[in-house]
Amino acid sequence: METPDQSLVNEAAEPMTGILDSDTAGDCGSPGAEAAGAVETSEPDAPADALVVPPADTPALASAVAPADALGDAPTDAAVNAPVGTPSPAPEPVPEMAALVEDEAGQVLDSEIIPDSPSNMELEDTSKEGLEDGLDELVTDEVPFPAEYEKFWKVVEENPEDFTGWTYLLQHVEQENHLVAARKAFDAFFSRYPYCYGYWKKYADIERRQGNIKQAEEVYRRGLQAIPLSVDLWLHYISFLKDCLDSSEPDTEARIRSVYENAVLAAGTDFRSDRLWEAYINWEMELGNLANVTSVYDRILGIPTQLYSHHFQRFREHVQGNLPKHFLSLDEFIRLRRELAVVNGHSGEEVPPGDDIPPGTEDLTDPAKLVTEIENMRHKVVESRQEVFNHNEHEVSKRWAFEEAIKRPYFHVKPLEKAQLNNWKEYLDFEIENGTPERVVVLFERCLIACALYEDFWIKYAKYLENHSIEGVRHIYKKACKTHLPKKPMVHFLWAAFEEQQGNIEEARGILQALEEAVPGLAMVRLRRVSLERRHGNLEEAESLLQDAMNNGKNASEASFYAIKLARQLFKVQKSLQKARKVLVEAIERDQQSPRLYLNLLELEYSSDVKQNEEQILSCFDKALSSPLPIETRVTFSQRKVEFLEDFGSDVNKLMSAYDEHQTLLKEQESTKRKAENGSQEPEPKKQRTDDTAAVTGHMMAGDMQTNHSAYNYNWYQYNYQNPWNYGQYYPPPPT
């Protein structure tokens with residue numbers, strides 16, 4: 001495996017997700033990257049495969065969750081004295097990165113964080129309370145909004161999906177430096193587009209310029225809860241804390257370290273998280289905490305990242321440039337010294353330890369042996385990490401092609417190219433099959449930043465979590481439906497079905513009702529609501545929903561559609577033939593040109609005893625034949641009438657009369673065809689339902705009306721009525 005190009009080392013600190021301060025609309029992760037082009041970063045050559053086992057020290061799934069208490073309050077004494085790598089005790093999680101895994105016994109692992117747990121809700125409530133307190137403190141009198149604010153606000157109020165309108169509004173409030181207007185605009189914007197990390201930074205900067213340090217920090221906290229995988233936002237937040245915290249305070253160092261820990265726990269397993277790890281390492285080096293630096297390296301060396309080889313190179317330089325007793329933990333130093341003492345034949349007890357030196361850490365008296373021990377220790381330290389690096393290198397090689405194909409890792413309202421979408425799907429499938437649950441969750445979270453507007457990925461994520469955490473599934477559906485995809489039907493349907501499976505009928509009912517309010521007039525939503533009520537025995541509500549939809553149909557076709565659904569509900573479920581017949585008859589009176597209404601009325605009548613119901617069936621045929629339906633459809637109904645009388649009729653006179661009417665219609669149809677061949681145009685009103693008529697005619701020819709064994713089977717017609725002489729072999733021709 002070759003080490004990365006030296007230029008990569010120099011560029012390691014450059015942003016990988018865009019330019020923050022550009023104002024070009026559309027790019028939430030980096031406003032301006034779309035206009036300026038993709039940000040160029042050097043990447044190491046794809047590593048060669050190496051047969052290894054996944055590193056044992058890869059962070060557990062719980063490490064994907066960023067404890068949130070360190071974002072605000074100072075840590076406890078236990079946290080201050082805890083070694084690097086130990087999170088603050090009982091931390092509150094960032095809910096967006098919930099670790100959602102159960103063990104083989106079906107029990108939720110200790111690392112699981114439930115997104116809507118009380119601790120999370122407490123954190124969110126605190127954030128909102130802080131903002132409200134700030135408003136009370138800072139706004140005592142009503143301050144007029146900027147003159148053009150309403151103009152920009154009206155645009156997004158009328159069309160919340162106009163992202164360009166939002167960018168103009170935010171740019172306006174930022175330029176005007178009006179705090180209340182800015183808060184109103186940014187809060188409304190983030191309710192729809194929380195993945196725009198660059199705008200979280202802008203919002204925090206506005207609060208900070210007004211001297212509202214507490215509110216600025218609260219904005220960062222909210223942003224990191226919304227998008228915990230944002231390396232840029234974590235680095236901005238840490239920089240903010242370094243600027244605002246008093247370095248002379250004894251707990252400042254511990255608090256910043258705690259935030260670094262939360263950052264790498266939340267975003268450190270991202271393939272492009274190298275800048276965050278580098279910042280953490282450099283900060284510990286500046287403080288002279290060499291053992292902490294080693295501890296951080298021990299973690300990053302086992303995580304597949306873009307600059308994995310660069311990290312190992314820097315680790316070797318760290319080992320070669322410092323004494324082992326300074327950069328190793330006490331336990332590891334003593335263990336290595338004892339191992340080397342056995343090999344080299346001397347003991348670490350040659351010099352009695354001083355009062356301030358723990359046993360086993362004193363220097364050897366022989367300078368030559370001391371130098372040898374130091375070099376041997378350095379060699380063993382690097383050697384022990386080499387195996388982890390080799391494992392990690394193999395993991396990187398398996399993911400390199402997928403990562404290299406990701407061209408837009410940030411959120412954007414513009415559609416992604418098909419190749420990008422396919423790459424995400426294939427990458428997710430690979431990780432689900434080969435990766436740990438932690439890595440799968442992190443990859444889904446990364447994917448949903450870039451693909452937040454594609455419901456397929458939200459559904460895939462929820463389906464994956466069904467085997468791990470019920471609360472996790474609910475959290476994903478809620479975030480998709482309430483924030484990112486409020487008008488996408490399928491993800492709402494699946495969420496409602498999921499809640500129904502869990503026995504939360506009221507929740508399922510509310511989901512579908514909210515969707516119908518967001519997307520009024522969508523037939524599939526109303527039918528899902530009807531189905532839900534029917535499944536749970538609320539037949540009156542199901543009937544009421546269909547009745548309301550039928551009465552409020554936007555046009556005759558829509559009203560007829562719901563009339564058919566209502567009639568079927570009344571007859572098949574509620575067993576009321578009379579009510580079903582009434583619905584269809586009234587619908588036919590309103591819409592006489594819908595062949596489907598006649599067809600369903602026939603189906604209804606055929607479902608009963610055809611011998612006893614002969615008059616009702618013939619009445620239905622007569623309605624169709626006397627209607628303004630196209631001639632082709634009426635010929636088909638006429639043919640079916642003759643067949644019915646042939647098979648089930650009780651009066652031969654009615655049969656012969658039906659036959660005569662059929663011959664008349666055939667002649668009329670033939671005349672119409674000749675006119676069409678001669679160039680005569682079909683009247684415009686009749687053209688409107690040509691497709692519908694053709695479809696219904698096809699269904700009738702195929703026996704669409706048959707619904708049970710008692711119904712008439714239309715596939716049994718035997719005679720070609722369009723050739724009268726064939727009919728004569730059974731009956732004499734009618735008298736002339």
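**Salt bridges and burial in a predicted model**

Glu161 is partly exposed in this predicted model, at a relative accessible area of 45%.

Q: Why is Glu161 called partly exposed?
A: Its relative accessible area is 45%. Buried means under 20% and exposed means over 50%. The value falls in between, so Glu161 is partly exposed.

Q: What makes the contact of Glu161 and Lys487 a salt bridge?
A: The N to O distance is 3.8 Å. The cut-off is 4 Å between a side-chain nitrogen of Lys or Arg and a carboxyl oxygen of Asp or Glu, so the pair qualifies. Glu161 sits in the loop between α5 and α6, Lys487 in the loop between α21 and α22, 326 residues apart. Lys487 is partly exposed, with 46% relative accessibility.

Q: Why does Arg385 count as buried?
A: Its relative accessibility is 8%. Buried means under 20%, so Arg385 is buried. Glu332, at 13%, is buried by the same cut-off.

Q: What makes Arg385 and Glu332 a salt bridge?
A: Their closest N and O atoms are 2.7 Å apart. That is within 4 Å, so the pair counts. Arg385 lies in helix α17 and Glu332 in helix α16, so the bridge ties together parts 53 residues apart in sequence.

Q: How do you know that the span of helix α31 agrees with its number of residues?
A: Helix α31 covers residues 652-677, which is 26 residues.

Key
Residues numbered from 1 in each chain as written. Predicted model: local features only at pLDDT ≥ 70, side-chain atom pairs only at ≥ 80, totals over all residues. Heavy atoms only, no water. Helix = DSSP H or I, 4+ residues; strand = E, 2+ residues; numbered from the N terminus. Expected span 1.5 Å × (residues − 1). Buried < 20%, exposed > 50% of the residue type's maximum accessible area, 1.4 Å probe, protein only.
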